[in-house]
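Here are a few exercises with worked solutions. Have a look at the model first, then try each task before reading on.

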Protein chains: 2
Amino acid sequence: MVQPSLDVVGIGNAIVDVIAHAEDSFLVDQALAKGAMTLIDAARAEALYGAMGAGVEVSGGSAANSMIGLAEMGGAAGYIGKVSDDVLGKVFRHDIDAAGVRFETAPSAAGAPTARCLILVTADAQRTMNTYLGACVELGPDDIDEEFIAAAKVIYMEGFLWDPPGAKQAFRKAQAIAAANGRRVSLSLSDSFCVDRHRAELLELVEHHVDILFANEDEILSLYQIEDFGEALRQVGEHCEIAALTRGEQGSVVVGGGEVHTIGAAPVARVTDTTGAGDLYAAGFLYGFTHDFDLARCGRLGALAAGEIISHFGAKPESDIAQLVAASGPP
Amino acid sequence: MVQPSLDVVGIGNAIVDVIAHAEDSFLVDQALAKGAMTLIDAARAEALYGAMGAGVEVSGGSAANSMIGLAEMGGAAGYIGKVSDDVLGKVFRHDIDAAGVRFETAPSAAGAPTARCLILVTADAQRTMNTYLGACVELGPDDIDEEFIAAAKVIYMEGFLWDPPGAKQAFRKAQAIAAANGRRVSLSLSDSFCVDRHRAELLELVEHHVDILFANEDEILSLYQIEDFGEALRQVGEHCEIAALTRGEQGSVVVGGGEVHTIGAAPVARVTDTTGAGDLYAAGFLYGFTHDFDLARCGRLGALAAGEIISHFGAKPESDIAQLVAASGPP
């Protein structure tokens with residue numbers, strides 16, 4: 001079998017974020033579910049954009065954020081996702097190229113614009129996301145190249161892929177190729193509302209096809225429809241080789257190899273914006289995993305990367321996160 | 001005479017910034033003049049964008065940044081500048097509208113895209129700007145509405161307006177309307193290289209038409225082609241009713257009413273990105289001036305607003321800068 005030339009290939013919805021501050025009253029007025037990712041159509045996107053404050057535009061998308069983070073730590077990353085050939089699509093492509101992530105997915109030619117996510121950040125640093133999927137709905141199995149998937153030690157997919165109808169077929173195809181080539185399959189549950197929308201399918205995946213699962217507490221409880229985190233830990237430990245469960249300021253818990261590791265959150269002077277926290281946790285963890293770190297150190301690197309992201313606005317690192325690898329501890 | 005309904009109307013190049021971190025070696029490789037604003041054409045913009053790192057897109061433009069800052073402090077602001085009807089033009093329009101700034105300039109229909117400024121921020125927090133003017137070259141006297149100009153206590157214009165050929169005519173028209181209506185005319189010198197390109201015309205303006213001048217140390221020395229800051233102070237005091245001269249971490253000096261006020265820089269825990277420092281200084285100063293603050297307090301408010309901007313990435317305030325008004329001292 002060919003040696004993998006990449007550490008991780010991520011598959012996700014390719015999105016440009018529009019991030020603005022908002023008052024809590026704005027979320028109430030606009031009937032937005034705080035902390036969640038809600039899908040919106042083009043008309044709603046236009047109306048909400050018109051009502052929200054001045055923003056900054058940053059290329060985003062959960063798995064794309066993770067791959068950029070992984071590349072900036074020094075990992076070899078690839079990405080599959082669908083943008084249009086419009087201005088925002090070019091911004092997305094520029095940014096992921098600039099980070100050194102291999103991104104070869106053909107742009108959409110069908111006319112839908114590049115996806116955008118309107119993100120409102122409240123004073124408590126919580127982010128509320130409203131996604132217009134645009135060109136993402138055109139991602140399909142044809143975008144999954146067997147050689148590209150087989151080139152990665154791990155494939156990483158976001159649960160959000162279950163929202164656009166064609167993407168889950170891409171997801172299934174990629175998972176089958178990875179399995180056939182002896183690669184690891186990892187999944188992030190992405191969002192508790194997303195889990196709610198696609199619970200049966202995600203549960204089947206977790207039980208039978210996912211080697212490494214990322215989820216926060218709300219998401220894992222939603223998946224199993226239970227209220228006890230300890231019980232969720234026990235169940236996920238039976239289904240996945242490894243599970244990394246994040247708990248906000250309480251840090252994370254990593255289950256794997258018959259052990260449970262409790263990892264503290266990285267100290268952060270001031271939490272500014274939690275956008276991208278889960279994405280960068282996964283980036284740090286997967287960098288560690290693909291570089292043969294033990295599981296506790298994988299979790300520590302995830303926590304350090306998440307800590308960097310929440311200390312400022314937006315989901316792109318602002319400092320040299322390659323240095324976090326050394327800070328995560330001795331090999 | 002009609003009472004002014006606006007505090008300040010700004011006129012400037014309407015630009016979307018693309019801001020990215022860069023190594024000093026990148027500036028050397030690309031032959032960029034550190035700290036300066038350099039004009040580039042479309043082909044150079046494409047090549048430089050291709051070479052630079054992942055960025056964030058934020059609507060910018062010097063005078064626009066100032067007007068947004070003024071509005072966020074609670075002032076009544078208007079803006080005149082030329083964007084296209086493209087995606088970035090819509091971003092610019094959304095952001096300035098969202099800040100509550102009156103912006104009624106018709107978009108360009110001639111095909112040039114909305115201007116963009118590629119900004120490289122180095123580890124020393126210095127920003128190096130590369131501007132493709134695009135639709136800004138179409139700003140002209142027809143965009144200056146007499147009623148709009150006469151509605152403001154002060155008009156504020158950026159020296160960068162002398163780069164596109166038609167804008168200086170717009171600038172002259174606005175200045176004449178303001179003068180005829182008994183309004184104050186203020187000008188920022190913008191950039192020492194810009195002063196170099198247009199010294200004779202800017203000098204004539206400063207000597208005869210500008211009431212309130214904003215400049216940093218390099219710019220004022222370049223204007224008078226001298227090396228002694230004290231001598232520059234003396235000369236500008238003879239030409240303008242008020243001059244506010246900024247000196248980076250040394251604070252600023254305000255000359256006016258026969259007095260010289262020395263203002264300390266606001267304490268900043270960590271200077272991250274100096275983009276927008278001068279713009280927000282002018283915003284704070286003009287908020288104070290149009291609310292009858294004494295000159296020292298105008299300078300303190302300018303310093304506080306500049307301090308907010310340099311503590312993070314980008315030229316848009318990230319905290320509630322309305323509170324800076326109270327922090328600037330007793331009335």
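**Exercise 1.** Find what stands opposite Glu57(A) in strand 4 of chain B, and how the two strands run.

Ground rules first: this is a predicted model, where local features need pLDDT of at least 70, side-chain atom pairs count only at pLDDT 80 or more, and totals for chains, interfaces and linings use all residues. Residues are numbered from 1 along each chain as its sequence is written, while chains are lettered from A and ligands numbered from 1 in the order in which they are written.

Step 1: Glu57(A) faces Glu57(B). (Strands are DSSP E runs of at least two residues and helices H or I runs of at least four, numbered from the N terminus.)
Step 2: strand 4 of chain A and strand 4 of chain B run antiparallel, joined by 3 bridges; strands pair if DSSP finds at least two bridges between them.

**Exercise 2.** Work out which element of chain B gives the most to the side touching chain A.

Step 1: the contact (C-beta atoms, placed from the backbone, within 7 Å) takes 23 residues from chain B and 23 residues from chain A.
Step 2: strand 4 (56–60) and helix 4 (87–98) of chain B each supply at least two residues of chain B's side.

**Exercise 3.** Trace the open sheet of 9 strands in chain B and locate its edges.

Step 1: the order is 6-5-1-9-10-11-12-13-14, with mixed pairing.
Step 2: strand 6 (102–103) and strand 14 (259–263) of chain B are the edges, each pairing on one side only.
Step 3: inside chain B, strand 1 and strand 9 run parallel through 5 bridges, and Val9(B) sits opposite Ile155(B).

Conventions:
Contact = placed C-beta atoms within 7 Å.
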